Amino acid sequence: MLLSFLALCCGGAAVLYVLYSWLIPAAVQYNAWLALLWHDAIVERALNILTRSTRPQRLLRAVQKKAIKGDPQSVISTIDYFCRHSEWAMNVGDEKGAILDSVVCEVSPSTALELGTYCGYSTVRIARLLPPGTKLITLEFNPDYAAVARQIIEYSGLQDKVRVLWTDGVNHIYICLVEGASGDLIPKMQELFGIKTFDFVFLDHWKDRYLPDTKLLEECQLLRKGSILLADNVICPGTPDYLEYVRNSPRYESKYFKSHLEYTKVEDGLEKSVFLG
């Protein structure tokens, strides 16, 4: 009787393991809302309870354990591996990251703004490609995410470049990670940081903030003729009002880069918009 019970328990555990590790992840790869439901609503919450930690904290531990300290590319590759093989996370990811890389290299900005730091993946990805003297400001509303992002940025070898406020200079890339709401901070860019305009803006925060924050950047005259806006997740979860605006406004010339939602086969993409003045 006991052996039968143990065999039943082992069999049940094996079935659950196969479902959790292979069958369900494979099944949700091609469905946007099932993917988000599984990874964000089910897996993340279950692991938070079981490990008594958050997803950003688990991601940070993976970086500290497996990445080469002081090597930004190693940090990026470690996060990508973690998100593909251990636990999905809402970074821009490796596939769309290659598009982000190409746009950053094309623009070669002297001033850049990132809306939505999360765990610092895209911050490190952008910063490693910036020319000397560039000022990169990244805004994060969630203080817990910001705390993890600072540690990941530091681990990547950028510890001397993380500032509350930067100091002037021409031989360094200055990264300023600021906690707070984008709607409150965008009007203060000139006052706090002496920024007149941004050459490059990466939008990857709350999707319902893409359009109001773009209009706020315009109102505050923080965009110049030729400024580039690059928006992530414009298909999944989607930003229809933002896409309608930048694709139909005479102030922008836009192009869609088709790709996939990070670490899945679900269609997503990046929208690159050139501000025409």
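Which residue caps the N-terminal end of helix 7? In the structure above, that residue is N142, which has a side-chain oxygen 2.8 Å from the backbone nitrogen of D144; a polar contact here is a pair of N or O atoms within 3.5 Å, where one must be able to donate a hydrogen and the other to accept it, and residues adjacent in sequence count only if both atoms are side-chain atoms.

Before I go on, please keep in mind that this is a predicted model, in which local features need pLDDT of at least 70 and side-chain atom pairs count only at pLDDT 80 or more, while totals for chains, interfaces and linings use all residues. Residues are numbered from 1 along each chain as its sequence is written, and side-chain values use heavy atoms, with hydrogens and water left out.

Staying with helix 7, residues 143-158, its end C-alpha atoms are only 20 Å apart, whereas a straight helix of 16 residues would span 22 Å at 1.5 Å a residue, the expected span being 1.5 Å times one less than the number of residues. Helices (H or I, at least four residues) and strands (E, at least two) are DSSP runs, numbered from the N terminus. Among the buried residues of helix 7 are A146, I152 and L158, where buried means under 20% relative accessible area with a 1.4 Å probe and protein chains only.

Let me turn to strand 8, residues 267-275, where seven of the nine residues are buried, so the strand is largely enclosed by the rest of the structure. Strand 8 is joined to strand 7, residues 252-260, by nine bridges in an antiparallel arrangement, with K258 standing opposite G269; strands pair if DSSP finds at least two bridges between them. These two strands form a hairpin with six residues between them, and Y263 in the turn has a positive phi of about 65°. Strand 8 also pairs with strand 6, residues 223-231, in the antiparallel sense over four bridges, and there L230 stands opposite K272.

Finally, the largest pocket, where a pocket is an open set of points on a 1 Å grid, reached by a 1.4 Å probe, with protein on both sides within 12 Å along at least five of seven lines, and lining residues have an atom within 4 Å of a point. The largest pocket is lined by 29 residues, and M90, D204, H205, W206 and K207 lie nearest its centre. Helix 2 (32-51) and strand 2 (135-140) are the elements that give two or more residues to this lining, and helix 2 provides the largest share, five residues.

Key. Buried < 20%, exposed > 50% of the residue type's maximum accessible area, 1.4 Å probe, protein only.
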